[in-house]
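Subject: Structure handover

Dear colleague,

Please have the view open while you read.

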Amino acid sequence: MSLLRYCRTERQQEIVKLFESGMNKTEVGRELDITRETVKGTIKIIEDRAAKQGYSPDHDMVHEVPDGYAVKGISTYYNDDGKPTGQWVKSYADKQRQAEILLEAIERAQEGIPRFIPSPQPVETDADLLTLLTITDFHLGMYAWEAETGESWDVNIAKQTFLDSIHEMIKASPKSEVGMLCQLGDFLHWDGMLAITPTSSHVLDADTRYGKLVELAMTVMCEAVDMMLHKFGKVVVVSAEGNHDISGSIWLRKHIKHVFADDPRVEVIDNEFPYYAYMWGQTMLCFHHGHKVKLANLHKLFASEPRFRAMWGQVSPESGCYIHTGHYHHERVIEDGGAIAEQHPTLSARDAYAARGGWVSMRGAKVITYDKEKGEVHRTTVRPNV
């Protein structure tokens with residue numbers, strides 16, 4: 001068996017092909033104009049990857065486990081002549097590799113989906129303004145029965161609530177150069193074929209099948225972006241990871257990125273880290289669902305995290321840093337450590353779990369406008385029409 005199947009890049013394939021053809025590491029390096037140490041290190045990485053999946057013939061490991069799994073342990077039985085006569089292979093699910101496989105599948109699946117035709121740019125916008133449209137904990141796909149929870153909620157109500165609210169948010173916005181669609185996580189109520197939370201496996205009240213949920217989420221989010229393009233000069237999209245839609249947030253942002261790939265006025269913040277940031281002049285905007293770090297500590301994370309540290313240093317005292325989070329379904333604001341951290345409400349109705357637990361909060365969504373040098377200059381709250 002060849003090591004080629006364990007290569008992840010074209011360069012790795014080139015090195016392995018030459019090495020397996022009989023060249024030594026020095027000759028491979030000379031052929032590809034790279035150092036012997038680079039060749040040696042690359043082959044070691046590939047051999048380690050192969051061994052993790054059960055293939056290392058130099059150690060009598062020849063029983064490979066499927067991609068997405070890794071070897072936990074191997075017991076080999078030898079006869080009196082030192083020849084292997086049997087082998088017991090134990091494996092486990094490799095969560096990191098499974099996540100990589102999911103991303104690869106999502107990228108491939110997008111190739112055949114038609115793209116949006118770029119919209120005409122608005123005639124006039126204010127170059128100093130960015131308007132943030134925040135949606136959090138929408139729980140699309142959740143079912144609530146009014147007699148039990150006080151308000152009904154299903155996919156039809158959710159779709160109408162979302163599109164009506166986006167329309168009202170856009171109407172309440174000034175003609176800003178940038179409109180930012182901030183989906184702060186838990187847009188989907190569940191994350192796979194079973195209607196359960198992905199990490200705790202809590203059984204959820206679901207209104208539809210997952211295939212329909214996926215199609216509806218893609219449709220309404222893309223429609224929201226298209227609506228915003230008629231008002232703002234540019235649209236920036238954040239699709240944050242939530243505790244209910246860890247993988248759903250991934251395919252949702254990948255889908256939006258693909259269908260608007262031909263429109264230079266659309267930018268999708270596409271990173272695998274569950275914290276997101278955007279600089280608008282000297283104003284820093286930060287985002288996190290709220291399931292990993294609490295509201296009171298988020299300013300410490302964004303100030304110290306290496307990938308955001310340069311942004312933090314560009315913030316002026318007059319403009320400020322604004323951190324947005326959700327997760328708890330009600331409003332709260334903390335100002336500390338040079339930042340204002342705001343916890344946003346939800347547009348969705350309560351489910352049976354929240355109603356029976358006695359949790360009550362006002363439903364709504366915030367529209368906040370920021371100036372490049374002055375920070376927040378305007379805000380509006382949109383309430384659902386129920």
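Predicted model: local features only at pLDDT ≥ 70, side-chain atom pairs only at ≥ 80, totals over all residues.

The protein has 386 residues, of which 48% are buried, and its secondary structure consists of 11 helices and 13 strands. Taken along the principal axes, the box that holds the C-alpha atoms is roughly 80 × 50 × 45 Å. The accessible surface amounts to about 19,400 Å², and carbon and sulfur atoms account for 50% of it. As for charge, there are 43 positive and 55 negative charges, and their mean positions lie 3 Å apart.

Let me turn to the sheet of six strands. This sheet is open, with mixed pairing, and its strands follow the order β6-β5-β4-β3-β12-β13. At its edges are β6 (266–268) and β13 (375–382), each of which pairs on one side only. From one strand to the next, the twist averages 20°. Within the sheet, β4 (residues 176–183) and β5 (residues 234–239) run parallel and are joined by six bridges, and Leu181 stands opposite Val237 of β5. Helix α7 (residues 210–229) packs on this sheet, where it touches β3 (126–135), β4, β5 and β6, and its direction makes about 165° with that of β4. Another helix, α8 (residues 248–259), lies across β4, β5 and β6 and runs at about 160° to β5.

The other sheet to look at has five strands, is likewise open and mixed in its pairing, and has the order β7-β8-β9-β11-β10. Its edges are formed by β7 (276–280) and β10 (332–336), and because each has a single partner strand, one side of each is left without a neighbour in the sheet. On average, and with direction ignored, neighbouring strands here are turned by 15° against each other. Strands β8 (residues 283–287) and β9 (residues 321–325) pair in the parallel sense over four bridges, with Tyr322 in β9 as the bridge partner of Leu285. Helix α10 (residues 306–314) packs on this sheet and touches β7, β8, β9 and β11 (339–343), its direction making about 30° with that of β7.

Val203 lies in the loop between β4 and α7, and since its relative accessibility is 72%, where over 50% is needed, it counts as exposed. Between Val203 and Trp190, which are 13 residues apart in sequence, the distance from C-alpha to C-alpha is 9.5 Å.

In the loop between β9 and β10 you will find His327, and His329 is found in the loop between β9 and β10 as well. His327 has a positive phi of about 80° although it is not a glycine, and for His329, also a residue other than glycine, phi is positive and near 70°. His327 is partly exposed, with a relative accessible area of 22%, and His329 is partly exposed too, at 25%.

With kind regards

Technical notes
Residues numbered from 1 in each chain as written. Heavy atoms only, no water. Helix = DSSP H or I, 4+ residues; strand = E, 2+ residues; numbered from the N terminus. Buried < 20%, exposed > 50% of the residue type's maximum accessible area, 1.4 Å probe, protein only. Areas by Shrake-Rupley, 256 points an atom, 1.4 Å probe, with all protein chains shown as cover. Lys, Arg positive; Asp, Glu negative; His and termini not counted. Charge placed at Lys NZ, Arg CZ, Asp CG, Glu CD. Pairing = 2+ DSSP bridges. Axes fitted to C-alpha atoms, helices over the stretch in contact; angles between N-to-C directions. Contact = heavy atoms within 4.5 Å.
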